[in-house]
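Please look over the model below with me.

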Amino acid sequence: MAAHRVSPSLNRLLFAVKYASFQSGCCAVHCNAQYSTIHSPSEKTFDKILIANRGEIACRVMKTCHKMGIQTVAVHSDVDSSAVHVKMADEAVCVGPAPTSKSYLNMDAIMDAIRATGAQAVHPGYGFLSENKEFAKRLAAEGVAFIGPDTHAIMAMGDKIESKLIAKAANVNTIPGYDGVVKTAEEAVKIAQDIGYPVMIKASAGGGGKGMRIAWNAEETREGFRFSSQEAASSFGDDRLLIEKFIDNPRHIEIQVLADKHGNALWLNERECSIQRRNQKVVEEAPSTFLDPVTRRAMGEQAVQLAKAVQYSSAGTVEFLVDSKKNFYFLEMNTRLQVEHPITECITGLDLVEQMIRVAKGYQLQHKQDDIPINGWAIESRVYAEDPYKSFGLPSIGRLSKYQEPLNLSNVRVDSGIQEGSDISIYYDPMISKLVTYGATRAEALARMEDALDNYVIRGVTHNIPLLREIITHPRFISGDISTNFLPEVYPDGFKGHQLDVDTRRELLASAAALYITAQLRSQKVLGDLRVSSSPVECSRWELCVQLEDGSHSVEVTKSGNVYTVEVDGGKVEVSGQWNLASPLLPLTINGTHRTLQCLSRDASGRILLQYLGTSFKVRVLSKLAAEFNSYMPEKVPEDTSSILRSPMPGTVVAVSVKPGDPVAEGQEICVIEAMKMQNSLTAVKQAKVKSVHCKPGETVGEGDLLVELE
Amino acid sequence: GKSDPSRSRPSTLVHIPSLLLAVRAHPHLLLAHITVFHFLARCHPRTRKAMMAALSVARSSCRLINGLRTSFRSLGQVKHGAVAVAVPPTNLQQDCRWYSVSHLSVKERIDRKRTAALVGGGQKRIDAQHKKGKLTARERVELLLDPESFVESDMFVEHRCSDFGMEQDGNKFPGDSVVTGRGRINGRLVYVFSQDFTVFGGSLSGAHAQKICKIMDQAMTVGAPVIGLNDSGGARIQEGVESLAGYADIFLRNVMASGVVPQISLIMGPCAGGAVYSPALTDFTFMVKDTSYLFITGPDVVKSVTNEDVTQEELGGAKTHTTVSGVAHHAFENDVEALLNMREFFNFLPLSNQDPAPIRECHDCSDRLVHSLDTIVPFETTKAYDMLDIIQTIVDESDFFEIMPSYAKNIVVGFARMNGRTVGIVGNQPKVASGCLDINSSVKGARFVRFCDAFNIPIITFVDVPGFLPGTAQEYGGIIRHGAKLLYAFAEATVPKITIITRKAYGGAYDVMSSKHLRGDVNYAWPTAEVAVMGAKGAVQIIFRGKESQAEAEAEYVEKFANPFPAAVRGFVDDIIEPSTTRKRICRDLEVLASKKQINPWKKHANIPL
């Protein structure tokens, strides 16, 4: 279809413009903050690189390729045919249908694409085939460069059991545990008892938190064993598991390493990745507030020792657990470009993809260890299409009906592979983007992150910006007092959004009231010559009733010019702004402080959904009269949800554990839904008998679909 | 039917002999399907017994009495209502309305009448109305109109019935059972009537009808819309044919006003029997969920005639009429929501057929590009997408007031604005039944298009239609006749017509959907458009019948026809545009088309295939 095929040259042009503005944005404050090394055009690498990935990382790699004058080839599944990475590439090849096993993991098709396009090298990104030794081997066999480490390093580090042995041998601190594969659940229980609870059960081939479970007792060990082996089998095609001591309350800090094929290796400082949910990272920063130069050096040096021990080349990451006494233990080594690599780029000025390409071509590293700086501070928020109110984030899907990145702000980098109109489907990772901000100090970077999150417009899918904004403004996070248990500790009853205090509640109510009045006044502005003259209501003072979840508030508004003075809850709030009713962003000045709110929706009956301090609040503004009349309106009883089990997310039914007539206890597993490669066990919220079952294993279900009814 | 005066509650008793008389005198009323709701508050058991006695008499006087029996049975279900028949004056001391006292000055009498008019049927009935989750007639008017803009007329009108004790002062309510007048919504003139359920259950007397007719006549002379807030038990049975005449007077005015001023009905309580035809004749009928009903005959009559068991809600509730019958155009949660939405809706409409579509101040850039549209049409021609996504991103501020959102969902119709100017949007909905045209969607679309044309509202049509729905159900149902309505409506429309073919425009449905051939002013195709007689598969089976390489032939057909060129080279589309520029193009075209003048040949009236 001609409409979708924008010419490659135009694409490149568009890209170049976007990229240039992005770079100049970086330079405005920190001249050296990003990519301090200038690529020398005389240093020849490859003519054409195929990127065996999708989404933001494919786009990220292409940006550097364009900079280096390298032609790019995208591969894509059929549903991705109009994806951003496809448009950005010079050439694109469809490698199969939507499921990853048939497209992005389809080695035969990708090898065909390489041959067809004549690509000289392949960048695998992260995930998919990035740590697949088979793929690396096949490339080597055809003389195509793999932009990553050599096969032996992938093999050595890809297996968690073997990597631990190698690390031990290289004098790297390791966690006590069982150095072998666990075969049965009972064996797992026995080993767990030997090591002592808590223990961590994880897939030998795993990564990214998939196939990973923590167990505090025998029963949890059995359950964890079952889930982990299933997940490991479905995610990695390898159900081998291992068990190790689980270090309670640890920090997750990782060291970026960069090595060439000539035995040189550098450590590029650390990334603090402790803020996680279900073992997946949410917010990362570089450097860490926790490390002192001595510990940093010790960790860096051990990381380099390990890299050298496996003759590592390219970029890699050595993950450590760090306990409260700054003891650190080797966790695993990721032999690929890491998701959170941009923060390292921000503080060191290196373009890691460029370095990987150079190394793959066989060039020596350009830098010495002493050349590696820590310039300022960088924070990364992973913006996901997921509902943070459900276990800190269950995937959501949908079409980005409106999408605007906060690139108008300086010191903001957004790595994304989607655009307005893109679909977030059940087939792939629900990440929308990586939002990176940086500054001379941590406080500066954090302040910018607040702004950036407030100015980020995402409509059409549920996203985790409420959670991200709460994390980065939480006193514990600001003070650096974090661990991998941060989220469950701070939100023991689950994330509930921003909690308003007296002042912020007033601000919210005042903003909503002012917005409502703006819309009301605009409704009276009928233009043109009128046969019957209009007589608008002349009014400059309004009595309103603003309802929030916590009840109703009487509000008095007066207006002069663009400034609204709102009396609410015994306080006075002054709100001014541009009041554009078409714009998703509402840049307001509230009592002298600048705040960006977002109007998510507004309807005729006064309901306004306002995003304020990251969280969306349901507000209803009514005139005093309407509010009085509204009190006569009957409350409509919502459906009793305790006896109805609905799918909390779109996905596939893996197992149904009950049949009609079965008695179930509170908390008993009813069925298991797999979404985005994660298995989620759905349990009964009360003791009851199963009335009917509306799903069967293998079926695809949407969010909110009825699964099981209880009596 | 007599009761002990000391024990009786004045406002709750029915004068049984008069009921009996009514039944004897007017059995034909029942035959005429005027379902009468006599709502009895706290019905005395003795009264009920007496009623049954009255019924047996009635039955003997008329064989066709089933209707009455059933409507009386329903009385017991409705608590807290009004009394429609006479009560002895001695029982009325408590809520005394005694106006003819000679020692009062005229001014005092005026004040008393005004005060009485404001409380309608009295505080008890107002409370009862509130208890049902309903507002009173005056509260509704107050909320609907701008503050202090209501100018009431006929506050002193009283009914003129003298039968069954109705002439007694206790049974006279200043203003009778309807509040009428004019006011403003967002500064714009409107005429309103609001039936008062607290007075005789909102039943329609001659005086009630006369009041409504008066404001309708004024609306016509001035050229301003009429909004009716319906909440009425039905005909005032005591008035007999006078009540029927009242209905007819209103019906006639509804018809005369049709196409002259917009008429909107908001059903906020019962509306049954002949009364339903007034809303049916108006341009839009909105309902309130759970508290409003529209039906020709109630559940009991239905049971007696067809032996169907059906509740009021199932038979004529908001859900039924917005999803199954297509009688109502929208339903709202409660009175407050309905009235606030009515204000919003009113803002889209011109005041009369002499006015252009209104233009409201707009904050949305007219040249805004909508990038998400460039990828919205899926590659697979069989894959669905949501036409609402297209509409919402193109129109001003994503503000789309959909009409009949739950009925015949394969077509989407509704109002929006482009650069501030009201437009009517019609779009096939690929998400439902592939967006095909069938009987219901054709009728839905046709009525909407005719409204827009009558009131100078430009029509923007988004086309993705695979054709008319085949099948015996459709053919037997008269798809030919009904499909012709949509064709007719588009063809006769002289307002600016802009058409965008987003994907399929197959067969006769292509012609129907505001094509160039039906005087479309501007017709665009997106690059994904396919204008052809049918899809590749079907076409190839006919053209290359028996030929071996069907796949090859199909590819050839796709190459030839599955693109916008065949239509573009013939000038049947004016341009092939990038989807992201659609908003910009439409806004620009509307600016130019604002001065469009087109007149159909003179005729008494056209003859649309009904």
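1. Asp290(B) sits in the loop between strand E7 (284–288) and strand E8 (293–295) of chain B. Its phi is near 70 degrees, a positive value in a residue other than glycine. Most residues other than glycine have a negative phi, and most peptide bonds are trans. Helices (H or I, at least four residues) and strands (E, at least two) are DSSP runs, numbered from the N terminus.

2. Some ground rules. This is a predicted model, where local features need pLDDT of at least 70 and side-chain atom pairs count only at pLDDT 80 or more, while totals for chains, interfaces and linings use all residues. Residues are numbered from 1 along each chain as its sequence is written, chains are lettered from A and ligands numbered from 1 in the order in which they are written, and side-chain values use heavy atoms, with hydrogens and water left out.

3. Two cis peptide bonds in chain A deserve a look. One runs from Tyr197(A) to Pro198(A), with omega near -5 degrees. Pro198(A) is in the loop between helix H8 (185–195) and strand E6 (199–203) of chain A. Another runs from Ala286(A) to Pro287(A), also with omega near -5 degrees. Pro287(A) belongs to the loop between strand E11 (280–286) and helix H10 (293–309) of chain A.

4. Now the sheet of chain B. Seven strands form an open sheet in the order E1-E2-E3-E4-E5-E7-E9 (chain B), with mixed pairing. Two strands pair if DSSP finds at least two bridges between them. Strand E1 (151–153) and strand E9 (330–332) of chain B are at the edges, each with a single partner strand, so one side of each is left without a neighbour in the sheet. Neighbouring strands of this sheet are turned by 20 degrees against each other on average, direction ignored. Axes are lines fitted to C-alpha atoms, for helices over the stretch in contact, and angles run from 0 to 180 degrees between N-to-C directions.

5. Inside that sheet, strand E5 (residues 263–267) of chain B pairs with E7(B) in the parallel sense over four bridges. Ile267(B) stands opposite Met287(B) in E7(B). Helix H8 (residues 206–222) of chain B lies across E1, E2, E3, E4 and E5 of chain B. To E3(B) this helix runs at about 170 degrees.

6. Which strands make up the closed barrel of chain A? There are eight, in the order E24-E25-E26-E27-E28-E29-E30-E31 (chain A), with antiparallel pairing. Neighbouring strands here are turned by 35 degrees against each other on average, direction ignored.

7. Eight bridges join strand E24 (residues 541–548) to strand E25 (residues 551–560) of chain A. Leu544(A) faces Val555(A) in this pairing. The two strands E24(A) and E25(A) form a hairpin with two residues between them. Six bridges link E25(A) to strand E26 (residues 563–568) of chain A. Ser560(A) has Val563(A) as its bridge partner. E25(A) and E26(A) also form a hairpin with two residues between them, and Gly561(A) in the turn has a positive phi of about 65 degrees. Six bridges join strand E28 (residues 585–590) to strand E29 (residues 593–602) of chain A. There, Pro587(A) stands opposite Thr596(A).

8. The chain A–chain B interface. Contact (heavy atoms within 4.5 Å) involves 43 residues of chain A and 51 residues of chain B. The buried area is about 4,200 Å², of which carbon and sulfur atoms give 56%. That area is the accessible area (1.4 Å probe) that two parts lose on being put together, summed over both.

9. Charge pairs. A salt bridge is a side-chain nitrogen of Lys or Arg within 4 Å of a carboxyl oxygen of Asp or Glu. The count over all chains is 82, and between chain A and chain B it is nine. Glu337(B) and Arg607(A) form a salt bridge, with the closest N and O atoms 2.3 Å apart. Within chain A, Asp112(A) forms one with Arg115(A), at 2.6 Å between the closest N and O atoms. These two residues are three apart in helix H4 (residues 107–117) of chain A, which means about one helical turn separates them.

10. One strand pairing crosses between the chains. E23(A) and strand E10 (residues 359–360) of chain B run antiparallel, joined by two bridges. Val526(A) has Arg360(B) as its bridge partner.
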